[in-house]
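Visitor: Please take me through this model, giving the cut-off behind each term as it comes up.

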Amino acid sequence: MSQDPNFRVALRPQDKSAGNNGAPFILANPRFAVRQASFLALFVTTLFICAGCSSNKEQPPPPPPGVTIAPVIQKDVPIHQEWVGTMAGNVDADIRPKVEGFLLARLYTEGCFVEKGQPMFQLDKRQAEAAVEQAIGNLERVRAALSQAQIDVHRFTPLVAQRAVSQAELDKAQSSERAASAAVAADQAALDNARLNLGWTSVTSPIAGIAGVSKVGIGDLISPTAVMTTVSSVNPIYVDVNIAEQDYLRLSREKANRHGRTDLELILGDGTIFPHVGRPLFVNREVDSRTGTIQVRGEFPNPGNVLRPGQYARIRAATELRKGALLIPQQCVSELQGVYQVGVVAADNKVTIKSVTLGPQFGDMWVVESGLQAGENVVVDGLQRVKSGMVVAPAQYKDTQVTAPTGGK
């Protein structure tokens with residue numbers, strides 16, 4: 001058998017301690033080891049070259065980002081403004097006693113509706129009853145004196161004609177009659193006043209309305225200056241607001257255009273709209289020179305007495321009708337340091353970022369003062385993913401207000 005010169009085969013010497021039973025072993029040739037290292041280096045280099053070639057292949061471009069767009073619509077829209085106001089009853093009656101006395105009982109339920117003339121408090125009436133009895137006694141005494149004077153006059157009149165009594169005696173009797181008649185009238189008035197005081201020991205409501213919390217307690221000595229409670233008539237209810245002079249002028253012009261009719265909406269504290277429409281009741285006579293505002297009072301029907309005095313609410317009214325206003329959805333506007341921007345998608349689906357000037361709000365839309373034209377498509381959703389010059393894949397935004405036909409009332 002031929003033998004490669006690069007290898008030498010030799011038998012291991014017998015080494016019993018190592019457990020080697022004389023197995024042959026191969027002694028490598030140094031030239032063969034160099035060949036092996038060269039082949040391995042060539043193989044690794046080939047792998048790196050192949051990997052570099054595969055990485056240099058051109059990647060396909062990413063698809064254009066998808067956005068939703070909506071057209072800039074043009075229509076006549078009413079411009080509304082809101083003001084914060086405070087509710088007040090059309091009549092707020094402070095309940096005070098007419099006479100002094102100790103409070104014995106509260107006769108109404110706090111926070112409930114009371115009728116006109118309904119008793120609300122009862123004062124101690126023993127002193128008033130005694131005054132009535134005294135006035136009755138005084139009246140009976142002067143009535144007796146009047147009766148005696150009338151008898152004297154009737155008796156002296158024929159006697160004077162017979163010259164049995166002098167004329168002076170008759171004149172004196174007539175004077176006594178007139179004085180007694182006047183005393184009867186005075187004591188009758190005193191009796192009427194005593195009876196009024198007795199009636200006023202029962203404190204009643206002068207109006208129909210909602211009664212407030214009692215401000216006095218049982219056993220208190222109540223004087224005529226003490227406010228015992230307050231009753232408010234709240235149907236209709238008033239809402240007082242202070243509006244700027246400029247808003248007042250616009251509101252006046254709009255009222256003239258609508259032939260004197262202006263409807264008011266009431267937005268309650270929880271954000272809901274009160275179902276009944278109000279009307280302006282009056283405008284105060286002057287503008288407050290310190291604040292530049294003028295007081296306006298609105299009147300709203302309040303069936304069921306739901307609204308109460310002291311509540312805060314917002315009043316909304318149309319101050320003008322904007323002709324041919326440009327409208328875009330609010331969510332398509334991006335604001336950065338006071339600058340408002342929108343993305344406009346052209347016919348070739350390229351985006352252009354434009355700065356716009358915004359006006360008042362109309363529902364969930366902005367009125368655009370400048371920067372856009374009617375019919376342009378603006379990005380509604382996805383503006384944060386695009387920039388000027390980028391091609392996008394637009395889809396129409398579905399919304400009833402945005403896609404509403406042009407025109408207006």
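Guide: The model is predicted: local features need pLDDT of at least 70, side-chain atom pairs count only at pLDDT 80 or more, and totals for chains, interfaces and linings use all residues. Residues are numbered from 1 along each chain as its sequence is written, while side-chain values use heavy atoms, without hydrogens and water.

Visitor: What percentage of the protein chain is made up of buried residues?

Guide: Buried means under 20% relative accessible area, exposed over 50%, and partly exposed in between (1.4 Å probe, protein chains only). Of the 409 residues in the protein chain, those that are buried make up 31%.

Visitor: How many strands does the protein chain have?

Guide: Helices (H or I, at least four residues) and strands (E, at least two) are DSSP runs, numbered from the N terminus. The protein chain has four helices, and its strands number 21.

Visitor: Which residue forms an aromatic pair with Y108?

Guide: Rings of Phe, Tyr and Trp (its six-membered ring) pair if their centres lie within 6.5 Å; planes under 30 degrees apart are stacked, over 60 edge-to-face, and the rest tilted. The count by this rule is one pair. At 5.5 Å centre to centre and 75° between the planes, the pair is edge-to-face, and the partner of Y108 is F121.

Visitor: Which residue lies over the face of Y108?

Guide: A charge sits over a ring if NZ of Lys or CZ of Arg is within 6 Å of the ring centre and within 35 degrees of the ring normal. K98 has its charged end over the ring of W200, 5.4 Å from the centre. For Y108, the residue over the face, at 5.7 Å from the ring centre, is R106.

Visitor: Is S214 buried or exposed?

Guide: S214 is in the loop between β9 (209–211) and β10. Contact means heavy atoms within 4.5 Å. Leaving aside neighbours within four places in sequence, S214 is in contact with R106, Y108, E110, F121, M228 and T229. With a relative accessible area of 15%, S214 is buried.

Visitor: What is omega for the peptide bond that joins N235 and P236?

Guide: Most peptide bonds are trans. The bond joining N235 and P236 is cis, and P236 lies in strand β11 (residues 229–244). Omega is about 5°.

Visitor: What value does phi take at N305?

Guide: Most residues other than glycine have a negative phi. N305 is found in the loop between β14 (293–300) and β15 (312–329), and is buried, with a relative accessible area of 18%. Phi of N305 is positive, at about 55°.

Visitor: What is the relative accessibility of N349?

Guide: N349 has a positive phi near 70° and lies in the loop between β17 (339–345) and β18 (351–362). N349 counts as partly exposed, because its relative accessibility is 28%.
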